[in-house]
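Work through the exercises below with the model open. Try each task before you read its solution.

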Amino acid sequence: MHATVRPALSVNLPPIVTNAAARETFAGLTMRMTVSKVNFFYGSKQTLFDVSMGIATNKVTSLIGPSGCGKSTLLRTLNRMHETVRHARLEGEILLDGQNILAQDVTAYRRRVGMVFQRPNPFPKSIFDNVAYGLRINGSKLPLAEAVEKSLRHAALWDEVKDHLQKSAYELSGGQQQRLCIARALAVEPEVLLLDEPCSALDPISTAKIEELLVQLKDLCTIAIVTHNMQQAARVSDFTAFLLIGQLIEFNPTPQLFTTPADPRTEAYITGRFG
Amino acid sequence: MATTTTTVSSGGPVARSRSFLSRLREGDEIASMVTFLFAASVVLVTVLLVFELWQGSALARHKFGFNFFRTSVWDPIFEQFGALPFIYGTLVTATVSLLIAVPLGIGAAIFLAELAPARVSDTLEFFIDLLAAVPSVIYGVLGIFIVVPLMRQYIQPALKHSLGFLPLFQGPAYGVGFLTAGLVLAIMVIPYIISVSREVLLSVPRDQREAALSLGATRWESTWKVVVPFARAGIFGSIFLALARALGETMAVTMVIGNTPTISASLLSPGYSIAAVIANEFTEATGELHTQSLIELGLVLFILTFILNGLARLLIVATSQRGSGTGRA
Amino acid sequence: MSPRLRWRKFVSGFMLTMTGVCAFVAVSVLFVILGYLVYHGGTSISWNFFTKLPVPVGETGGGMANAILGSAKLLLLATLVGVPIGFLGAIYLAEFSGGATAFVVRYAADLLNGVPSIVIGIFAFALVVHPFKHFSTLAGGFALGLMMIPITLRSTEEFLRGVPNALREAAMALGASKWKTIATVIVPAAYRGILTAVLLAFARVAGETAPLLFTALGNQFWSPGWKQPTASLPVMIYTYALAPYEDWHRQAWAAGLVLLGLILIINIVARAILSRGIAVPRS
């Protein structure tokens, strides 16, 4: 969506990526965001240890791992949501398009990286006003109605709601509400879209619709998704990062990670020996 | 709920334990009845109260009918009683108090719920709760000795000087009056608005705020345009509660309102309120009609606060339910 | 940063600062009141204040001993009326009652709670003063007791309900009857909350003036027994504050300090009792 993308800076890939094919894939990529040696603390407790990875441009990257491994924590640093929590401290460098995200104004920054949350959380407003919220605050290049329609189409929701735009968002089903939240996030045209277990509160049919949607949205923006569901990661993402107790164990193209994992711990997790 | 105890004729340990059990049950019976009586007495007393108000004002109601609410002459000597000045005074002072207390109260609640760290918020809330416990006669003392002189010497002259072209701020200013009473009432009801609003704001789910912030909203925008609207019903509930308190407030108002039954457009004018006239005239009422008219005023006050409190409760419950469930899954 | 964003951030900072100002203003009222009463009333508190009767205008050395005793008597009566009804009624609601009765009782209690105190005064007058043709301490105590009922009832009920069912079941499984369970297990488990409720109700009615205006009325002298009108702290404060005599003002401030001090201390103690307890529901 944004015209110029600066060439990728080298990412300190964990030494675990040994596969030659994998290295080749990485070499030809541009990384929209890079995370370098990130350590995260909540009070005195450290929850992320020296994490380094990249989020590839116009691809879907998934973060997987057992409960408490730090994948949601990591995701939330990417749009600086950790700053809403007192006692949260970040060390290390996170870059968007080569620029340090921590050095920018946080309000302006958050518009560039959108987020969809675990449970659908539309505002207590109409469908239209939900999508328009970000536009009204930040200003919109297109007339409001057009921009709202565009977002709803991108979120594959337009046909279902086009005649009911003034209805309350709470009248939609769970799956529809989540797609509405996606539309709301897309409306401000973010460069990166972060999704934190977006389907965990939804039924299988809604989940399938959203997974389909994510694959299509790649062309629009870069996507990072946290998921508990390994099969979902395998279906949807191009790259997968496996975290365990705050450490990045493996970061590889998805087919490689799931068929020939480089680390025994990854293999143990994906074959279900723990979870 | 009556339990029938069957006497077992055969002797032995089984029989003894059965009658023991039945005695136990009877103990429960008695306990249940005794506590029921006490609980029922609450209902009884409440019904009696309404009855007494209704009966006690019968004479006045039959004599004046609805004119009671339309005439403004209150003359015990000629037995003419019109409630308009008191209704006017009650409504005006309540309105003024809300105009002052609502912005201040909601602002403070926002600070306590959204900005202040948990310990600061709890400490300040503790002080606010103490404020709510201050008796109204003490607020009245504060009113007489601090607010009235302030009004008379500084505020009212300043208002007349700058805004005197408005009929709101014309006429003689003695310090007491609608504005003063409204201000003292505002001070009294702010703690109610703050406590309830703070609680409903705190109950708004985190991810509403986070969703707004993640769209690039400033903290104020996420608070004012998302969190506060989400808690809207509960905040209105707190305002209704405050209004109910302001309408029924007696002591502080009667100490600073001036106790003159006038209807005046000017806020600087002295006035009267329903509760104040009852407090002042009840023990010295001349004649049955006078007393009954005062009781009718009490009935009016009762009905007003009853409706407002009922609405307030509905609204506050509505917000807490919304916070825990957002529509169909 | 675009000018629009700069403006939005300015507005955000400004409005959030204003909310802080609002909170500061609201809280400072408490300290203004306390400061004023301590400064003006503190000097008038003396031995005389607590032990002497009021003296005619123009003389000094008077006190409010009769008002202090009167308030004590009124509050004692109020507690005797309000607490048993509230407490036992709450036990009924929490342990014995069905849905419909409970709803009616609760509704009545909430209604009673919302009645303006002056209307409670009218009711007490109609019930206790009018038939006997004189004002009395009894009537005043009754009025205040009425006001204590809803607070005690609702709070006690909530704390009783907050006791986990597991405790009830354990007692019953050991063969305890219902009322025994209540008396020996449930009430003790909820005692902190119940005590707090009673204290808060007490503090609330201690400061009430309006219901006393036409029940206990007032008295310049001692009021023996229960059937005569009696002075009380809140009414004395009201009367003296409105009078044009400087000496009486000083006494009003002193009385205000004593009354407010008592009420605040009870409130603080009540909350301290509660916070030290185990998870009890907040009302």
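**Exercise 1: Placing a proline**

Pro253(A) sits in strand β10 of chain A, residues 247-253. Strands (E, at least two residues) and helices (H or I, at least four) are DSSP runs, numbered from the N terminus. This is a predicted model: local features need pLDDT of at least 70, side-chain atom pairs count only at pLDDT 80 or more, and totals for chains, interfaces and linings use all residues. Residues are numbered from 1 along each chain as its sequence is written, with chains lettered from A and ligands numbered from 1 in the order in which they are written.

Task: Is Pro253(A) buried or exposed?

Solution:
- Apply the cut-offs: buried means 20 or more other C-beta atoms within 10 Å, exposed 12 or fewer, partly exposed in between, with C-beta atoms placed from the backbone.
- Pro253(A) has 21 C-beta neighbours inside 10 Å, so Pro253(A) counts as buried.

Task: Which residues is Pro253(A) in contact with, leaving aside neighbours within four places in sequence?

Solution:
- Contact means C-beta atoms, placed from the backbone, within 7 Å.
- The partners are Ala22(A), Thr25(A), Asp238(A) and Phe239(A).
- Check Thr61(A) too: its C-alpha atom is 8.8 Å from that of Pro253(A), across 192 residues of chain.

**Exercise 2: Chain B against chain A**

Task: How many residues of chain B are in contact with chain A?

Solution:
- 20 residues of chain B contact 26 residues of chain A.
- Helices α7 (206-214) and α8 (219-230) of chain B each give two or more residues to that side of chain B.
- α7(B) gives the most, with 6 residues.

Definitions and conventions: Contact = placed C-beta atoms within 7 Å.
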